[in-house]
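Q: Hi, I have a chain open here and some quick things to ask. Can we go through it piece by piece?
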Amino acid sequence: MMMPALQNYHISQLDTVVNGEFNMLNVSQVITATDSVFREMCKELNIDNGCVIKQNHLNKRTLPKEKLAEWLEAVCYILDSFSVPLLKNAVSSIDRSAKRIDELQKEKIDDQNKIIQLKDEVLEKKSVVLNDVKLAVQTEVKSFSSIVKKNCPPALSRKTIEAAVKSVCDKEDRSKNIIIYGIEETSGEVLPDKVGKVLQEIDEKPVIRDCGRVGVKRSGDTRPRPVKFSLSNSDHVAQVLRSAKRLHTKDGYKSVYLCPDRTVQERKSLKKLLDQLKEKRASEPNRTYYIRNNRIVSSDKNSDLSG
């Protein structure tokens, strides 16, 4: 049972300190009880701050010994029953936290080592897969080469085959590209924005990749260089090129053209075909000539009009 003198300093409101548990509520209650004791001491001793209480303040003859004994009892009770246990619990809590931090650091190091190990395993597997693919390709090439030697004429040399394979690979790489002619070239330009604006005119909004000018800008040449950009796949390229014919109906875009990313040989073949188209149109004005599937086809103008 608590002594009657101790009930004057909020001590009765202090919760029991649980062994091993550091509770901030206990700390707040101890501070309140301690402040209550020191406020009364300061009032009785006629001083402003409990921190300046000295022995001479407590030796005053006017200060009853009963009051000194009451203060001493309260302070000792707070220290012994609450402050010291709380301090021990705080030390234990800090030790547990430090131990947990060490454990977490060790776990982090272990996780990092596991990640490094997994990366090494992935790289090793990737290397194995690449070697397997390389071996498979080499085997298929040797097989194909032997078949070619048996079934193709001698004129079809190894260089011819390599050129054909290179052409197919090059065509596959270019199938995702589009070339735009006629976009104004300016200093500090943001090409993806310019290309996006052109595509918006034909109601196309694909994801634009690897956008840049083609060739070197020559001094004195005012013509804008072509712009090459890539899309995610060849189907998107085909869709954009189908819509490109609508661009010439838009104001400000009559001199802007979109076309596939052709190889040098394809450009030469196209130029030759266009030259032949011009000759045909000039020599036979009564017929309509146009290019379809890389061939020049024609129809009678009169039959077109009557149809």
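Q: How many disulfides does the count come to?
A: The count comes to zero disulfides. The rule asks for a pair of cysteine sulfur atoms within 2.5 Å.

Q: Remind me, what is a disulfide?
A: A disulfide is a covalent bond between the sulfur atoms of two cysteines.

Q: And C76, what does it count as, buried or exposed or partly exposed?
A: C76 counts as partly exposed, because its relative accessibility is 39%. Buried means under 20% relative accessible area, exposed means over 50%, and partly exposed is in between (1.4 Å probe, protein chains only).

Q: What about C259, buried or exposed?
A: C259 counts as buried, at 14% relative accessibility.

Q: Where does this model come from, and how are things numbered?
A: This is a predicted model: local features need pLDDT of at least 70, side-chain atom pairs count only at pLDDT 80 or more, and totals for chains, interfaces and linings use all residues. Residues are numbered from 1 along each chain as its sequence is written, and side-chain values use heavy atoms, with hydrogens and water left out.

Q: What pLDDT does the chain average?
A: The chain averages a pLDDT of 80, and 82% of the residues score at least 70. pLDDT is the predictor's confidence in each residue, from 0 to 100.

Q: Where is confidence lowest, and where is it highest?
A: Confidence is lowest in helix 8 (residues 301-306), with a mean of 58. It is highest in strand 3 (residues 227-230), at 93.

Q: New topic. How many helices and strands does the chain have?
A: The chain has eight helices and six strands. These are DSSP runs numbered from the N terminus: helices are H or I with at least four residues, strands are E with at least two.

Q: What pattern do they follow along the sequence?
A: The pattern reads α-α-α-α-β-α-β-β-α-β-α-β-β-α.

Q: How many residues are there, and what share is buried?
A: The chain has 307 residues, and 20% of them count as buried.

Q: Let's do pockets. How much space lies in the largest pocket?
A: About 970 Å³. On a 1 Å grid over the protein atoms alone, a pocket is an open set of points where a 1.4 Å probe fits, with protein on both sides within 12 Å along at least five of seven lines. Grid points are joined across faces, edges and corners, and the volume is the space filled by probe spheres set on the points.

Q: How many residues line it, and which lie nearest its centre?
A: The largest pocket is lined by 29 residues. Lining residues have an atom within 4 Å of a point. L241, C259, P260, R262 and L270 lie nearest the centre.

Q: Which element gives the largest share of that lining?
A: Helix 7 does, with five residues. Among the elements that supply at least two residues each are helix 4 (158-174), helix 6 (234-243) and strand 4 (257-260).

Q: How does the lining divide by residue type?
A: It divides into 15 nonpolar, seven polar and seven charged residues. Ala, Val, Leu, Ile, Met, Phe, Trp, Tyr, Cys and Pro count as nonpolar, Asp, Glu, Lys and Arg as charged, and the others, Gly among them, as polar.

Q: Switching to rings. How many aromatic pairs are there?
A: The count comes to one aromatic pair. Y77 and F82 form it, edge-to-face, at 5.7 Å centre to centre with 70° between the planes. Rings of Phe, Tyr and Trp (its six-membered ring) pair if their centres lie within 6.5 Å; planes under 30 degrees apart are stacked, over 60 edge-to-face, and the rest tilted.

Q: What about F82, buried or exposed?
A: F82 is buried, because its relative accessible area is 6%. Y77 is partly exposed, at 28%.

Q: Last one. What is the phi of N46?
A: N46 has a positive phi of about 60°, although it is not a glycine. Most residues other than glycine have a negative phi. N46 sits in the loop between helix 1 (24-45) and helix 2 (55-58). N46 counts as exposed, at 69% relative accessibility.
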